[in-house]
Amino acid sequence: MLLAEQIRESNIAEYVLYMWQTEDLLRGFDFDIEKIEQTILNELPNNEKKATKQWYNQIIKDLKIQGKKVKGHSNSINEVIIELNYLHSTLINLMQDSKYSDIYKAAIPHIEIFRELSSEKEISDIQLCFNALYGKLILKLQGKSISEDSEDSFSHFRNVLGYLSVKYKQMKAGKLNL
């Protein structure tokens, strides 16, 4: 089983962030599968190379077909975020999940601060949480420091997405009574 599949089964939020990172990685290699083979696939055990290469090729194909060679995310990942948005609304409005409501209410001030800083004002709160956490990942990769206030916000975003991930897994297993 590919690492991406393992992550998807265990935590859907981590999967989304992993896939965004993978998309950017492939863009960084200009979608050149030979370069990817020489640098990334060579590090993998032989039994994983072929499947991983096919997986990378499929992502490359999807991004090219969908016109997302420079930026944006694959439709399949965007669909997961849409599902998470629906789940968020369901937990708040239909199920009135008090634990999730408390987690989300605690995150709202942080979401609003990040929305003001964002160039995308009209995105959903869930999308904004993902964007912020991915931004944190990029800052860490660049070796940049992160303020305590931002770390506090990221913690709230992780709580929202973490709870949604647990409920998403339950929903997909048919164990969430909607």
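Colleague: Which residues does Thr52 touch, not counting residues up to four places away in sequence?

Modeller: The model is a predicted one. In it, Thr52 belongs to helix α4. Leaving aside residues up to four places away in sequence, Thr52 touches Leu2, Leu41 and Leu44.

Colleague: Does Thr52 count as buried or exposed?

Modeller: Buried means under 20% relative accessible area. The relative accessibility of Thr52 is 7%, so Thr52 counts as buried.

Colleague: At what angle do helix α2 and helix α4 pack?

Modeller: Helix α2 covers residues 12-28 and helix α4 residues 46-65, and their axes lie 11 Å apart. The angle at which the two pack is about 80°. That makes α2 roughly perpendicular to α4, since angles of 65 to 115 degrees count as such. The value asked for is therefore about 80°.

Colleague: How do the residues of the contact of α2 with α4 divide into nonpolar, polar and charged?

Modeller: From α2, the residues include Tyr18, Met19 and Leu26, and those they meet in α4 include Trp55, Ile59 and Leu63. Thr22, Glu23 and Arg27 are also among the α2 residues. The contact divides into 9 nonpolar, 1 polar and 2 charged.

Colleague: How far apart in space are Leu94 and Ile146?

Modeller: Leu94 lies in helix α5, residues 75-94, and counts as exposed at 62% relative accessibility. Leu94 and Ile146 are 52 residues apart in sequence. In space, C-alpha to C-alpha, they are separated by 37 Å.

Methods. Residues numbered from 1 in each chain as written. Predicted model: local features only at pLDDT ≥ 70, side-chain atom pairs only at ≥ 80, totals over all residues. Heavy atoms only, no water. Axes fitted to C-alpha atoms, helices over the stretch in contact; angles between N-to-C directions. Helix = DSSP H or I, 4+ residues; strand = E, 2+ residues; numbered from the N terminus. Parallel < 35°, antiparallel > 145°, perpendicular 65-115°, else oblique. Contact = heavy atoms within 4.5 Å. Nonpolar A, V, L, I, M, F, W, Y, C, P; charged D, E, K, R; others polar. Buried < 20%, exposed > 50% of the residue type's maximum accessible area, 1.4 Å probe, protein only.
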